[in-house]
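Work through the exercises below with the sequence and the model open side by side. Try each task before reading its solution.

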Amino acid sequence: MRNRLNNAGMTLLEVIAALIISAIIGGITITIILTSTNYFFSETSDSHDKLMADQIVNYVRRELLYSSEIVVGTSKPDTRDWNYITINDGRLIKNDVAALSEGTYGDRKIVLSIRGYDSYRLDLNLSLNAEDQSNLYSTKSTLELLNLKLKAEIDSSFNPFGNIGTSVTIDNTVKIYYIKDFERVIIDDEVKEARGLVSSQISFLDNYNNLGVYDTSILYKPGSFVFYEGKWYMRLIESNTGSCNGVASFSSTARCWKIIQDDYSPYSAYQKGDIIIYNGKYYQATTNSYTGNYSINYMGSPPYYPWTEVNYGVVENTVYENTVTLTVPTVRNILDTINVKQIPEYDQNVDYSLSSSPEFVKKTIVSAGVEVVSYYQHCRRDIDGVPGLRVNGVNGWKTLSVTYDSNSYYTVGDVVNARVNNVPTYVISTQEMITQVNVVVTGQTTDKWQKYTP
């Protein structure tokens, strides 16, 4: 029997049924794709908003963390060099300058409110809003202000937040005024961790490497910290000649100093692992980028070599170790044996010749909103003089500094860092010195000063 094949094809009814089924399946597929796409963009937007909010909150935290004074108000509290943070047209402003690049915000506007309590804690509330003021993302962070905590521990009546016990919105008229004070919190019993951005490396500052305000007469060893025009710097170059000599070294592309700040600078030296901010993004150095030589240039601006972009998770988990340290104890290390929090400010109206007067005093200067403190010990009450200055050619006050001070009293065994044959050298005193005895009158040590070998 012959097999017969049905070649008639599909009926009209079957074609219509197939089209209906295809349309239904296609519609479901498109719905799934659109839903997934919208979910993806929603998740991406939320992730970007979180990153932006974290970056802004952490900027504010870093600025305020070591403040010794904070005032929230509509005008500058007094004539000192106060910094301030405010919000203008949804943008973060520091001292009349945009704190972050415009690209950081996109089409978001920020709203910041704060509340103070316990004399040293601040609640920071940040919102990201759309152009129509609808809220897109909010976050909250509590900041413990370390220097204010120290003040509160000493004085139970201390309360700088009397006017912000309830939430206050920061805007172009209401500002957060603050004075930074790195040194007081560093010279303390607590060990502060260097974590995150380069500015946290201020915690490396101690009584071995703190050389105070920059002095052109001093030669600096690698690992030295100095304060210059409102910023702290860490020395990384051995040479003190050529482009690494004098104040020009701070703006030299030879990169002799690391600037202890978060924002990238083409004049700053950086070490492998350092993280900075550039155009609103985080970048980490993949190698050391300092030479002390104009002709060698390892450094490009981010994102070029040796920088690689990183996310905030890397920033949070980066902990620094100080690999360029100074370990020779000097007269400044006397501060390690006393409670510096209780050292009073020098008062010219006090008779320090009296045995009841303080043995230690401090002098505070403010530069660009940052307080730098110098400490002194009254060693000879029977001798004229004031801290850091001779009277009638003599002085009974010892300057507690790593470096030699020609106006300081010294006694047998005192160690300081001085210039000997144009080389930074530790020297030790062999006699009591009430009058000025320079270490470097002829470029050589004298009979009263000898090279010190630990």
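This is a predicted model: local features need pLDDT of at least 70, side-chain atom pairs count only at pLDDT 80 or more; totals for chains, interfaces and linings use all residues.

**Exercise 1.** Classify the ring pair of Tyr-233 and Trp-257, and state which parts of the chain the pair ties together.

Solution. 
- A pair of aromatic rings is described by the distance of the centres and the angle of the planes.
- A search of the whole structure finds 24 aromatic pairs.
- For Tyr-233 and Trp-257, the ring centres are 6.4 Å apart and the planes stand at 80 degrees. The cut-offs are centres within 6.5 Å and, for edge-to-face, planes over 60 degrees apart, so this pair is edge-to-face.
- Tyr-233 belongs to strand 12 (residues 231–235) and Trp-257 to strand 13 (residues 257–259), so the pair ties together parts 24 residues apart in sequence.
- Both Tyr-233 and Trp-257 are buried.
- Ring pairs also link these two residues with Tyr-214, Tyr-220, Tyr-228 and Phe-250 into a cluster.
- Over the face of Trp-257 lies Arg-235, 4.7 Å from the ring centre.

**Exercise 2.** Classify the ring pair of Tyr-404 and Trp-449, and decide whether Tyr-404 counts as buried or exposed.

Solution. 
- The distance from centre to centre is 5.7 Å and the angle between the planes is 85 degrees, and the pair of Tyr-404 and Trp-449 is edge-to-face.
- Tyr-404 sits in the loop between strand 19 (397–399) and strand 20 (415–420), while Trp-449 is in strand 22 (residues 449–451); the pair therefore ties together parts 45 residues apart in sequence.
- The cut-off for buried is under 20% relative accessible area. Tyr-404 has 18% relative accessibility, so Tyr-404 counts as buried.
- Trp-449, at 0% relative accessibility, counts as buried.

**Exercise 3.** Give the strand order of the open sheet of four strands, and identify its edge strands.

Solution. 
- Strands of a sheet pair through backbone hydrogen bonds, either parallel or antiparallel.
- The order in this open sheet is 10-11-12-13, and the pairing is mixed.
- Strand 10 (210–213) and strand 13 each pair on one side only, and these are the edge strands.
- From one strand to the next, the twist averages 25 degrees.
- Strand 10 and strand 11 (residues 225–228) run parallel and are joined by two bridges.
- Val-213 has Phe-227 in strand 11 as its bridge partner.

**Exercise 4.** Locate the disulfide and give its handedness.

Solution. 
- The structure holds one disulfide.
- Cys-244 and Cys-256 form this link, with their sulfur atoms 2.0 Å apart.
- The angle about the S-S bond is -85 degrees, and the link is left-handed.
- Cys-244 and Cys-256 are both in the loop between strand 12 and strand 13, twelve residues apart.
- Cys-244 and Cys-256 are buried.
- Cys-379, by contrast, counts as partly exposed, at 29% relative accessibility.

**Exercise 5.** Describe the surroundings of Ser-429.

Solution. 
- Ser-429 lies in strand 21 (residues 423–429).
- With a relative accessible area of 3%, Ser-429 is buried.
- Leaving aside residues up to four places away in sequence, Ser-429 touches Thr-411, Val-412, Gly-413, Asp-414, Lys-448 and Trp-449.
- Val-415 is 14 residues from Ser-429 in sequence, and the C-alpha to C-alpha distance is 6.6 Å.
- One of the contacts, Trp-449, is the ring partner of Tyr-404 in Exercise 2.

Notes
Residues are numbered from 1 along each chain as its sequence is written. Side-chain values use heavy atoms; hydrogens and water are left out. Rings of Phe, Tyr and Trp (its six-membered ring) pair if their centres lie within 6.5 Å; planes under 30 degrees apart count as stacked, over 60 as edge-to-face and the rest as tilted. Buried means under 20% relative accessible area, exposed over 50%, partly exposed in between (1.4 Å probe, protein chains only). A charge sits over a ring if NZ of Lys or CZ of Arg is within 6 Å of the ring centre and within 35 degrees of the ring normal. Two strands pair if DSSP finds at least two bridges between them. Axes are lines fitted to C-alpha atoms, for helices over the stretch in contact, and angles run from 0 to 180 degrees between N-to-C directions. A disulfide is a pair of cysteine sulfur atoms within 2.5 Å. Contact means heavy atoms within 4.5 Å.
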